[in-house]
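Biologist: I am new to this structure. Please show me how to read its features one by one.

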Amino acid sequence: MLFFSYFLEFNFRILYIIISFIICVIISFWYFKSILLLETYPVIKGLFGKFIIIHITEIFDIIFLLVFSMSFFFCIPLFIYQIYCFFTSSWYFYQIQFAKNLLFFYYILIILIYSYYYYSILPNTLLFFTQWMFLQDTNYFLNMEITFHVFLYVNWVLTFRYNFIIFLLVIFLLCIHLILLYPILYFYMIIKLYRKQLLFLSITIIYIIIPPDVILQIILILFLIIIYEVGFFLICYKFINFNDNNYAYN
């Protein structure tokens with residue numbers, strides 16, 4: 001009987017997710033022009049080039065790609081929430097609070113990463129690929145005019161966006177798991193001994209990812225330095241409190 005009740009609840013939540021996905025598909029299809037404008041706005045704003053459509057069937061491919069991509073993007077949080085609600089009945093109170101805080105942190109992190117990608121990473125990447133020196137050289141033997149194939153552009157933007165978000169989320173997830181699973185002394189010794197090497201490695205990886213913009217590079221260097229220094233300060237503070245508590249208990 002208990003298995004049957006859980007089975008009904010699980011089916012109900014799956015049905016709720018499917019209905020929500022269908023509603024998202026309908027809404028996305030209804031506002032398809034706005035979604036397409038949202039994806040192409042960085043090119044239109046920066047005047048990086050023109051858009052072209054070669055075949056009439058590409059319009060259906062673009063609609064299919066954007067509608068389902070946007071629907072999946074907005075239904076994934078709902079899917080995670082339904083899974084969370086299904087399993088909370090067998091969790092302890094501290095596990096529920098930990099899951100709430102973790103999900104809230106990741107939702108805020110996704111919003112911040114998406115905003116940073118849309119307003120900084122994507123425009124600078126397009127600027128880098130469309131403003132090469134030989135494209136601006138009037139003495140070059142080829143006269144080049146930049147045009148964007150709409151379907152290929154949308155496909156590349158979606159792939160680049162989700163890979164960028166997943167990459168940063170995986171990094172933050174690994175950092176959180178390392179902090180929770182390893183003792184504070186381990187992190188204190190690593191940051192104390194290899195802080196400069198880790199900072200240099202982080203700057204190198206960031207420089208490979210971001211476009212070669214001098215102002216953006218300087219801002220990221222200062223941001224990484226502040227992160228490492230503040231992180232080391234917090235680790236030292238937590239390490240001192242940890243030692244004081246052990247001394248008090250002993």
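Modeller: Start with one stretch. Over residues 59-84 the chain is 100% helix and 0% strand, with end C-alpha atoms 38 Å apart. Helices (H or I, at least four residues) and strands (E, at least two) are DSSP runs, numbered from the N terminus. The model is predicted: local features need pLDDT of at least 70, side-chain atom pairs count only at pLDDT 80 or more, and totals for chains, interfaces and linings use all residues. Residues are numbered from 1 along each chain as its sequence is written, and side-chain values use heavy atoms, leaving out hydrogens and water.

Biologist: Which residues does UniProt list for "transmembrane region"?

Modeller: The unreviewed UniProt entry lists residues 14-38, 59-84, 104-128, 140-158, 164-186, 193-210 and 216-237. UniProt positions are given in the numbering used here, feature names are shortened, and annotations may be inferred rather than shown by experiment. Take residues 104-128: the chain there is 100% helix and 0% strand, and the end C-alpha atoms lie 35 Å apart.

Biologist: How many helices and strands are there in the protein chain?

Modeller: Eight helices and two strands. Along the sequence the pattern reads α-α-β-α-α-α-β-α-α-α.

Biologist: How do I check a helix's length?

Modeller: Compare its span with the expected one, which is 1.5 Å times one less than its number of residues. Helix α3 (residues 58-87) has 30 residues and reaches 43 Å from first C-alpha to last, close to the expected 44 Å. Helix α4 (residues 93-130) has 38 residues, so it should span 56 Å; its end C-alpha atoms are 54 Å apart, which agrees.

Biologist: Where is the kink in α4 centred?

Modeller: On Tyr 117, with a kink of about 45 degrees. The bend at a residue is the angle between axes fitted to the seven residues ending there and the seven starting there. Helix α3 bends too, by about 30 degrees at Cys 75, and Pro 77 follows within four residues.

Biologist: Is Ser 71 buried or exposed?

Modeller: Buried means under 20% relative accessible area, exposed over 50%, partly exposed in between (1.4 Å probe, protein chains only). Ser 71 has 0%, so it is buried. Not counting residues up to four places away in sequence, Ser 71 touches Phe 21, Cys 24, Val 25 and Ser 28; contact means heavy atoms within 4.5 Å. Phe 12, in helix α1 (residues 2-30), is exposed because its relative accessibility is 55%. Across the protein chain, 29% of the 250 residues count as buried.

Biologist: How many aromatic pairs does a search of the whole structure find?

Modeller: It finds 17 aromatic pairs. Phe 86 and Phe 87 form one that is edge-to-face: 5.1 Å centre to centre, 85 degrees between the planes. Rings of Phe, Tyr and Trp (its six-membered ring) pair if their centres lie within 6.5 Å; planes under 30 degrees apart count as stacked, over 60 as edge-to-face and the rest as tilted. Phe 86 is buried at 15%, whereas Phe 87 is partly exposed at 39%. Tyr 117 and Phe 164 make a tilted pair, 6.0 Å centre to centre with 35 degrees between the planes. That pair links distant parts of the chain: Tyr 117 in α4 and Phe 164 in helix α6 (residues 150-181), 47 residues apart. Tyr 117 is buried at 1%, and Phe 164 is buried at 8%.

Biologist: Which residues do ring pairs link into a cluster?

Modeller: Phe 73, Phe 74, Tyr 114, Tyr 118, Tyr 119 and Tyr 162.
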